[in-house]
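Work through the exercises below with the model open. Try each task before you read its solution.

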Amino acid sequence: MSRTALRICPLCEATCGLTLTIGEEGRVTGARGDGDDVFSRGFICPKGASFGRLDADPDRLRQPWVRRGGRLEPASWDEAFAAVEAGLAPLLKEHGPRATAVFLGNPNVHTMAGGLYPPLLLGALRTPNLFTASTLDQMPKHVSSGLLYGDANAIPVPDLDRTDHLLIIGANPLDSGGSLCTAPDFPGRLRALRRRGGRLTVVDPRRTRTAEAADRHLAIRPGTDALLLFALVQVLFAEDLVAPGAVGEHLTGVDEVRRLAADFPPEAVAGACDLPAEEIRTLARELAAAPRAVVYGRIGSTTVEFGTLTSWLVDVVNALTGNLDRPGGAMFPLSATARAPRPPRPGKGFALGRWRSRVGGYPEAKGELPAAALAEEIETPGEGRVRALIVIAGNPVLSAPDGDRLDRALAGLDFMVSVDPYLNETSRHAHVVLPPPPPSQSPHFDFAFNAFAVRNQVRYTRPALPLDAGRIGEAEILARLVLCVSGRGGADPAAVDAMAIDAALGKAVADPESPVHGRDRGELAAHLTGVDGAERRLDLMLRLGPYGDGFGADPEGLTLDKVLAHPHGIDLGPLRPRLPGLLKTRSGTVELCPEPLAAEAERLRRTLDSRADGLLLVGRRHLRSNNSWMHNIPALVGGSNRCTLQVHPEDAARLGVADGALVRVKGDGGELEVEAEVTDAVRTGVVSLPHGWGHDRPGTRLSVAAAHPGVNVNQLIDGSRLDPLSGTAVLNGCPVQLTVVTPAD
């Protein structure tokens, strides 16, 4: 007889609650929205509806694979971890920790284990070589937040449910589900904005589904968002519209911003942005006049040459209009596992470039090096060359620039470990592949995305199904990996969690501001509940968090048991103002004009008289896709989810491109052939290819994706173009050339 089970969807950042149907055979046979979920209220998208098919994908690996004699072969777990230790130990002994690197992919933040164990792995390895998907995505926002607030993770999100004017720049949440803005049912929230008389403005070179829903769509030239935002700032000052409100007493550097903005009036930026100056002025006036307004920028504004500057200016506009840290504006979520608020005081601030990459000399940002630099760190001989790589839930061959080069570099590694459920374009190079179980057999807690949620809440779901025979959970996989790199591969993986708990409690009892200051950490550890070490660590974080019971200090506070007693979640209320308490800058203020960004503003000013000629490439997101890891599900491939090059009809006519024709696209990193889709959904001078395709390499085990391979858009990009402050690859606004493929070719 079938039954139901609850599960938080791990397939995008919206984190919707699902109700799974479990068939008699013990497999997920259906998924629908959980109508009682405190956050998503029954909303579901096509990805969530396909949960069962993804969960049971026959191409998912069900046991480890180990390379023997040059071939990957199935192995036992003990054999796999023995191979990991045997492969890493001699490299670490001979070449030291700098010879190793770690790459963390996007799916890593969609799992509970991915939020708990990578820091322990990095601590055990002691390598400075950390690469993640962040420098292919949101790192500019982390860097700008670090410089503004002293905390790279203090990222304000749009208070969608209370705003009156939402300005979206370079984001398409109706397809992506939202990003750095965890908001189930984004479409419903935008409809509610319109019902209460609010206004939606979208700035995007494509007429996306989100742009189609807007009151105003500004089809900007790609890569010029910083110019537009600076012009908005200039109008605010020039027309005496600056009114920071309550946050004003915590701002420093306002006059410096005024001086910088003076060089960017609307008339000066209009040509570069290809937007009318008066339209820019009108937008600035509307933002200032709205009772509550918020600017929200995402990947289209971060993966560009001035990504960090753009991310900073988003917050500058919000601050100057009085919409930073106030209801209806840009607010700072407070997740249940965050550090409990402390009294306001100056902090240590945020530093960039504490070390640099060996080959290119790229500065670190938030402890990471640019993903675009990984290939050269592997290829280039000399002391410190990366010889061993651990990849957790990542596919940088498709997600990073110049995948062909990285593909060749990975093939030359001395040793590689991949934690991945598939043999994909990256993991096919591994010497050991460690596959985690499917989502139905895994617990779920959103450590990352609750920090960006538009409403404070807490939800946790245990596995809907027990582990299949012969499988181990992702937490145990990563814990055993930590032991392997520590030279203790045969130890009990529970020891990793025990050490983490002991270290966390040690800090808490030594902290005079902690509710457990001075108590015995052994006695506190005995209070923790949970079926395994990961749950005990979650219980610890909940108890010491901002809503926690403080190990008995607040009997009404959160614990793991209390969260488990509310299977549909606990609503912790709307976002609340948090300044100045969260500030960690040296001044204890919001430092509105930090020196690195002032220098970037000068570099931006020098581009005012330049205008890009020819075609510019931008990416796009599909509703039924998420990067490269959802192309192996038949229900999610096809229809609108196709790898085509979108070309505006005027450009198509000029170049002789017919709809459906095969065209050759050439960029700095290479060229590829792809089907053209002639559509006015892109503006003139812009072509668009979706991200995450290119499933045509041998040695993978992705049968559906291989039948619909598409092309890898990042092969057009060589990785030499980076946002200098964040090290983020420039993936949007890249110049390309387009020609029709003829029979003679």
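Predicted model: local features only at pLDDT ≥ 70, side-chain atom pairs only at ≥ 80, totals over all residues.

Residues are numbered from 1 along each chain as its sequence is written, and side-chain values use heavy atoms, leaving out hydrogens and water.

**Exercise 1. Find the strands at the edges of the open sheet of 7 strands.**

Step 1. Learn the terms. Strands (E, at least two residues) and helices (H or I, at least four) are DSSP runs, numbered from the N terminus. Two strands pair if DSSP finds at least two bridges between them.

Step 2. Read the order: S5-S4-S17-S16-S15-S6-S7, with mixed pairing.

Step 3. Look at the ends. S5 (71-74) and S7 (130-132) each have a single partner strand, so one side of each lacks a neighbour in the sheet.

**Exercise 2. Describe how S4 pairs with S5 and with S17.**

Step 1. Take S5. Strand S4 (residues 65-68) runs antiparallel to S5, with 4 bridges. Tryptophan 65 has proline 74 as its bridge partner there.

Step 2. Check the turn. S4 and S5 form a hairpin with 2 residues between them, and glycine 69 in the turn has a positive phi of about 60 degrees.

Step 3. Take S17 (residues 432-434). S4 and S17 are antiparallel and joined by 2 bridges. Tryptophan 65 stands opposite valine 433 in S17.

**Exercise 3. Work out how helix H5 packs against helix H19.**

Step 1. Get the geometry. Axes are lines fitted to C-alpha atoms, for helices over the stretch in contact; angles run from 0 to 180 degrees between N-to-C directions. The axes of H5 and H19 (residues 474-485) come within 9 Å and cross at roughly 5 degrees.

Step 2. Classify the angle. H5 is therefore roughly parallel to H19 (under 35 degrees; over 145 is roughly antiparallel, 65 to 115 roughly perpendicular, the rest oblique).

Step 3. List the contacts (heavy atoms within 4.5 Å). Leu120, Leu121, Ala124 and Leu125 in H5 meet Leu481, Val482 and Val485 in H19.

**Exercise 4. Which residues touch the most other members of the largest nonpolar core?**

Step 1. Define the core: buried Ala, Val, Leu, Ile, Met, Phe, Trp, Tyr and Cys residues joined through side-chain atoms within 4.5 Å. Buried means under 20% relative accessible area, exposed over 50%, partly exposed in between (1.4 Å probe, protein chains only).

Step 2. Name them. Among 88 residues, they are Phe230, Leu309 and Trp312.

Step 3. Find the top contributor. Helix H10 (residues 225-238) gives the most, with 11 residues.
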